[in-house]
Amino acid sequence: MASLISDTDAWKNLKAHVEDINKTHLRDLMSDAARCNSLMVEYDGILLDYSRQRVNSDTIGKLFKLAEAANLKEKINRMYNGEHINSTENRAVLHVALRAARDATIQSNGKNVVPDVWNVLDKIQDFSEKVRNGSWVGATGKPLKDVVAIGIGGSFLGPLFVHTALQTDPEAIKSAEGRQLRFLANVDPIDVAKNITGLNPETTLVVVVSKTFTTAETMLNARTLREWISAALGPSAVAKHMVAVSTNLPLVEKFGIDPNNAFAFWDWVGGRYSVCSAVGVLPLSLQYGFSVVEKFLKGASSIDQHFYTSPFEKNIPVLLGLLSVWNVSFLGHAARAILPYSQALEKFAPHIQQVSMESNGKGVSIDGVPLPFEAGEIDFGEPGTNGQHSFYQLIHQGRVIPCDFIGVVKSQQPVYLKGEVVSNHDELMSNFFAQPDALAYGKTPEQLHKENVPEHLISHKTFSGNRPSLSILLPSLSAYNIGQLLAIYEHRIAVEGFVWGINSFDQWGVELGKSLATQVRKQLNASRTKGQPIEGFNHSTTTLLKRYLEASSD
Ligand code: F6P
């Protein structure tokens with residue numbers, strides 16, 4: 001039988017080590033400046049401080065032993081070498097090739113894929129410039145100012161995150177002047193209405209983004225917007241107003257989009273890892289221009305190099321991944337809060353939710369052996385300080401949830417109010433610096449007594465502290481930094497999966513719901529068109545379906 005990581009001595013040693021760590025408190029660990037200093041890493045302008053993790057040098061040593069037992073370095077190399085590490089789908093995992101330099105060599109099945117990547121990037125640059133400078137116009141001769149990108153899951157969340165982050169960058173704002181980019185993801189007709197409200201089909205370009213070009217929600221939304229364009233401008237207008245991003249070019253053509261207006265990517269790009277392919281690069285280039293998006297790709301590429309070449313002690317994604325495994329599998333903290341102190345990063349947590357939970361939410365090892373431990377993390381988050389007024393109460397005094405604090409040194413939109421010494425950004429960052437210490441140190445009954453807190457409130461106002469967090473400080477939120485942040489998290493999640501010994505690159509768990517929805521859709525159709533009775537479902541589903549049909553038919 002294939003071996004599991006939990007059978008190794010490295011895993012067992014960490015299990016035993018939990019008892020040692022339980023004897024410590026972050027209050028004491030933080031008083032050791034040398035320890036804190038050893039738990040900080042810097043790379044290309046990014047500072048990671050993980051001194052508020054419940055670790056000592058022994059823990060870190062043992063985590064490196066775990067990495068060794070999991071063959072982490074070898075697995076990273078296999079990914080970069082284009083081996084089919086996504087074994088259940090027999091695919092390579094090469095999103096790093098999407099942001100590789102033009103002259104780099106990255107092989108998949110014995111072929112250097114970088115020239116293919118750059119052919120598509122060049123095509124995007126050419127097309128987006130034509131649309132932006134008005135040499136590609138709509139069916140009635142008007143320039144296309146607005147873009148609706150249709151897609152869901154990985155074909156939506158990553159591009160939305162980057163778009164939201166760029167929206168407040170001065171350079172990006174300037175290059176997006178007079179243009180709009182919207183995302184239509186949900187099959188809910190409300191989302192369609194919301195996204196076409198205020199748009200004129202004559203000046204709108206629709207980008208259908210789907211790796212498979214079979215996703216039910218995306219295809220229905222694509223048909224809906226095709227109808228919207230045809231009804232206003234005639235069916236021939238589709239050629240000028242609809243383009244596609246997909247790995248499935250035959251289906252793109254069958255849908256009625258000219259293959260010349262299709263932007264390819266490849267089966268070695270997982271949906272949730274596809275933001276650096278045409279999936280993100282096309283809509284973002286249409287909005288901001290290719291040169292801005294190229295900087296984003298360069299930032300991601302810088303982290304790709306760091307992840308591939310840096311020793312583990314200095315390797316930000318590796319350290320983050322190992323610490324996550326420590327928190328989840330040894331300290332028993334199933335959740336992780338992602339807390340950017342930056343409104344521009346408001347869509348970062350929703351994107352990472354998919355990357356992390358679709359990647360690592362698995363129940364068996366890569367060899368199909370049921371895991372005797374729970375893999376994956378529950379990711380959630382909100383920008384600070386909003387989150388502080390929402391769920392932080394639970395994090396401070398309820399459950400222990402390791403937190404990622406993400407801060408930015410320079411605001412893209414600084415405000416200095418007359419007469420106030422502390423800028424608005426300083427105010428925001430004061431909270432970024434304060435929260436990790438509040439979690440780590442807490443507040444003792446002794447401190448409260450000294451403050452003359454009434455006896456009946458002592459227990460209510462006590463904070464146990466000893467709650468782990470880490471801080472990531474970015475120099476700014478330029479396109480380059482956004483690319484870096486994305487790649488750090490992508491690789492961190494891969495590290496976790498490599499150590500747990502699972503396949504982080506398939507997603508069989510989403511299939512069952514999809515096939516059950518197909519059965520329901522068929523029955524709804526048969527009932528509405530032929531009056532056929534609802535059958536084949538359990539009592540609960542049958543009752544709900546009947547109620548829905550009865551109430552929605554009048
Ligand atoms: O949610 C399942 C999933 O397959 C994701 O992995 C993917 O990103 C999403 O659906 C959309 O798929 P597609 O790009 O093929 O439309």
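Is Asn71 buried, exposed or partly exposed, and what is its relative accessibility? Asn71 has a relative accessibility of 40%. Buried means under 20%, and exposed means over 50%. So Asn71 counts as partly exposed.

Good morning. One thing before we go on. This is a predicted model. Residues are numbered from 1 along each chain.

Let's stay with Asn71. Where is it? It sits in the loop between helix 4, residues 57-69, and helix 5, residues 72-80. Now look at its backbone. Phi of Asn71 is near 55°. That is a positive value, in a residue other than glycine. As a rule, most residues other than glycine have a negative phi.

There is another residue of this kind. Phi of Phe213 is near 60°, again a positive value in a residue other than glycine. Phe213 lies in the loop between strand 7, residues 204-209, and helix 10, residues 216-233. Is Phe213 buried or exposed? Its relative accessibility is 4%. The limit for buried is under 20%, so Phe213 counts as buried.

One more backbone feature. Which residues are joined by a cis peptide bond? Gly384 and Thr385 are, with omega at about 10°. Most peptide bonds are trans. Thr385 has its place in the loop between strand 11, residues 378-380, and helix 17, residues 392-397.

Now the ligand. How many residues are around it? There are 14. Which of them come nearest? Ser155, Ser210, Thr212, Thr215 and Glu358 do. By class, the shell has nine polar residues, three charged and two nonpolar.

Look at the contacts with ligand oxygen atoms. Start with Gly154. A backbone N or O atom of Gly154 lies 2.7 Å from an oxygen atom of the ligand. Next, Thr212. Here the side chain takes part: one of its N or O atoms is 2.6 Å from a ligand oxygen. Then Glu358. An N or O atom in the Glu358 side chain is 2.6 Å from an oxygen atom of the ligand. How much of the ligand does the protein cover? On its own, the ligand has 390 Å² of accessible area, and the protein covers 87% of that. And the space? The ligand takes up the largest pocket.

On to a histidine. His425 is found in helix 18, residues 424-441. Its relative accessible area is 14%, so His425 is buried. What lies by its side chain? A polar atom of the His425 side chain is 3.3 Å from the backbone oxygen of Val409.

Now a quick tour of other sites. First stop, Leu47. Leu47 lies in strand 2, residues 46-49. At 27% relative accessibility, Leu47 counts as partly exposed. How far apart are Leu47 and Phe127 in space? From C-alpha to C-alpha, they are 37 Å apart, with a separation of 80 residues in sequence.

Next stop, Gln447. Helix 19, residues 445-450, holds Gln447. Gln447 has 37% relative accessibility, so it counts as partly exposed. Take Gln447 together with Ile458. They are eleven residues apart in sequence. In space, their C-alpha atoms are 9.7 Å apart.

Then Pro475. Pro475 is in the loop between strand 13, residues 469-474, and helix 21, residues 479-500. With a relative accessibility of 30%, Pro475 counts as partly exposed. Pair Pro475 with Leu26. In sequence, 449 residues separate them. In space, the C-alpha to C-alpha distance is 27 Å.

Last stop, Gly509. Gly509 lies in the loop between helix 21 and helix 22, the latter being residues 511-530. Is Gly509 buried or exposed? Its relative accessibility is 76%. Exposed means over 50%, so Gly509 counts as exposed. Gly509 and Cys403 are 106 residues apart in sequence, and 27 Å apart in space, C-alpha to C-alpha.

To close, keep two places in view. Thank you.

How values were computed. Predicted model: local features only at pLDDT ≥ 70, side-chain atom pairs only at ≥ 80, totals over all residues. Heavy atoms only, no water. Near = heavy atom within 4 Å. Polar contact = N/O pair within 3.5 Å; in protein donor to acceptor, adjacent residues only side chain to side chain. Areas by Shrake-Rupley, 256 points an atom, 1.4 Å probe, with all protein chains shown as cover. 1 Å grid on protein atoms, 1.4 Å probe; cavity = no way out; pocket = protein on both sides within 12 Å on 5 of 7 lines; lining within 4 Å. Sits in = over half its atoms within 2 Å of the grid points. Nonpolar A, V, L, I, M, F, W, Y, C, P; charged D, E, K, R; others polar. Helix = DSSP H or I, 4+ residues; strand = E, 2+ residues; numbered from the N terminus. Buried < 20%, exposed > 50% of the residue type's maximum accessible area, 1.4 Å probe, protein only.
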